[in-house]
Amino acid sequence: GGLIGAYQPGRFQRGNIDDDLRSHGVLGVGNKLQYLYDASEDLGGRLKRDKVWFYVALRQQNKAGNVANYFTDAVLGPNGLEGNGISKLDKHPVTNQTAKVSYQMTDNYRLIGFIQRTTKNLESQTAENQQAGPPFTPHASSRSLLYTPTPMKVEVQGTLSEQLLFTAQLGYQNLDASWRAQDGTDVPGNPAQRDLFTGWSRGPNIGAATHLIRQRWEPRGDLTYVPNGGFLGKHQVKAGFYIDFIRAGSPTEGRCANPGASGEPYCSGNYTLLFNRIGGQPFRPFQIQIDNSPVTGANVRLLDTSFYVKDQWQIGQRLTANIGMRLERYHSYVVAVEKPVGQFSEAGSFPEVDVLTWFSAAPRVGVAYDLTGTGKTVIKGTWGWYNWTMGDTTFAGQFDKNGRVVSTYNWSGPCVATSYTPC
């Protein structure tokens, strides 16, 4: 096992702004670190001699600091919205947990289990992307992020005979990213607002109440055969398969997690008020953006299936060839889905969309030749055919008719002043 830790207090942070630069107006106001720590622990060993082994690990990180131009909220100033000048501490906690178990069932068969979970829980994802120039987003208009990718697998390794070996594996990964508006902001009378002249935002984040879902199943297996004799040399033949099935999407709940079914209000509303400087007057009504929330489900699918065979062929003492062929089928589609009614959108039924299906072969060959017979000088050459699969689910996502749509309209008011809006 092992234990490693690191800590850095904020007072260790230094800048390169000297008196000469300050005299020329360079103030050097940047991000101020408060603290940073990184700790990791791991432990492994046998639980039972020649039978069971384990490994566990834990890593924890956190960084806290004040980000330039990142304030608690925005207020109405002489030129429009601007930061209130109250700095907000930003924290970035990340935790990673790993566990692995290996079980030697018999002399010929081994079972392996693995799981890993990462948790990234940010009070404000916006803060880490905040720059020293417009547009600015205060903490109240930022969105929190909970990100929890969790890959895992089960694997069996076996020796069927002295000449025949196999591996079989089932992998799964669940990635779920969830964004939420800051507490207390998604309330009636506090719509999302953005000042196009100053770049500042106010009200709940327009990208909150959104998920990123990606679930992935990956079964695979292979069989290796090493014959005692061989035809024109020695051979090692391997055949196998690989399946990759992905379910993905970005459902958006909308304000108040799809209210309205029982007559309740839509809280801050599924819209954003856009303001601009018009006729020399700051913060005047300009446009309104509405979206079609709620958008439900993880509707995009990808099924990638492939089978392959290859032969590592040693011809004499100097020449080795590696010859292989892969057969691939790629199917990308969007499932049928029912969309519920929203504040600015009607309910709808969308049929399944078969985006793309193809079947192809991918041959390859590689040759290595030992020029001197000593293994010190080798010349190699390879050729192969690669089939591009158009990414994972991003391509098919463009054909999802139940995706989020934002529409922009001209708007000249009225802007009703509330305890939240500075009209």
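**View 1. P414 lies in the segment after strand β24 (406-410)**. Strands are DSSP runs of E with at least two residues, and helices are runs of H or I with at least four, numbered from the N terminus. The peptide bond from G413 to P414 is cis, and its omega is near 5°. This is a predicted model, in which local features need pLDDT of at least 70, side-chain atom pairs count only at pLDDT 80 or more, and totals for chains, interfaces and linings use all residues. Residues are numbered from 1 along each chain as its sequence is written, and side-chain values use heavy atoms, with hydrogens and water left out.

**View 2. A cis peptide bond joins S293 to P294**. Omega for this bond is near 5°. P294 belongs to the loop between β17 (281-291) and β18 (300-315). Most peptide bonds are trans.

View 3. F283 is buried, at 5% relative accessibility. Buried means under 20% relative accessible area, exposed over 50%, and partly exposed in between (1.4 Å probe, protein chains only).

**View 4. D50 also has a positive phi**. Phi of D50 is near 60°. Most residues other than glycine have a negative phi. D50 sits in the loop between β2 (32-48) and β3 (52-71). With a relative accessible area of 56%, D50 is exposed.

**View 5. The side chain of Q182 reaches the backbone oxygen of E123**. The distance is 2.8 Å. Such a polar contact is a pair of N or O atoms within 3.5 Å; within protein, one must be able to donate a hydrogen and the other to accept it, and residues adjacent in sequence count only if both atoms are side-chain atoms. Q182 lies in the loop between β11 (164-181) and β12 (192-195) and is buried at 10% relative accessibility. Beyond its neighbours within four places in sequence, Q182 has contacts (heavy atoms within 4.5 Å) with residues including H139, R143 and S144.

**View 6. F241, F307, V309, M325, L327 and F359 make a nonpolar surface patch**. The patch covers about 560 Å², an accessible area from the Shrake-Rupley method with a 1.4 Å probe; for residues, only the protein chains shown count as cover. Like charges are joined within 9 Å, and nonpolar side chains (Val, Leu, Ile, Met, Phe, Trp, Tyr) within 5 Å. β18 and β19 (319-334) each supply at least two residues of the patch. F359, in strand β22 (residues 353-370), is exposed at 61% relative accessibility.

Methods:
Patches are made of residues with over 30% relative accessible area and no salt bridge: like charges are joined within 9 Å, nonpolar side chains (Val, Leu, Ile, Met, Phe, Trp, Tyr) within 5 Å. A salt bridge is a side-chain nitrogen of Lys or Arg within 4 Å of a carboxyl oxygen of Asp or Glu.
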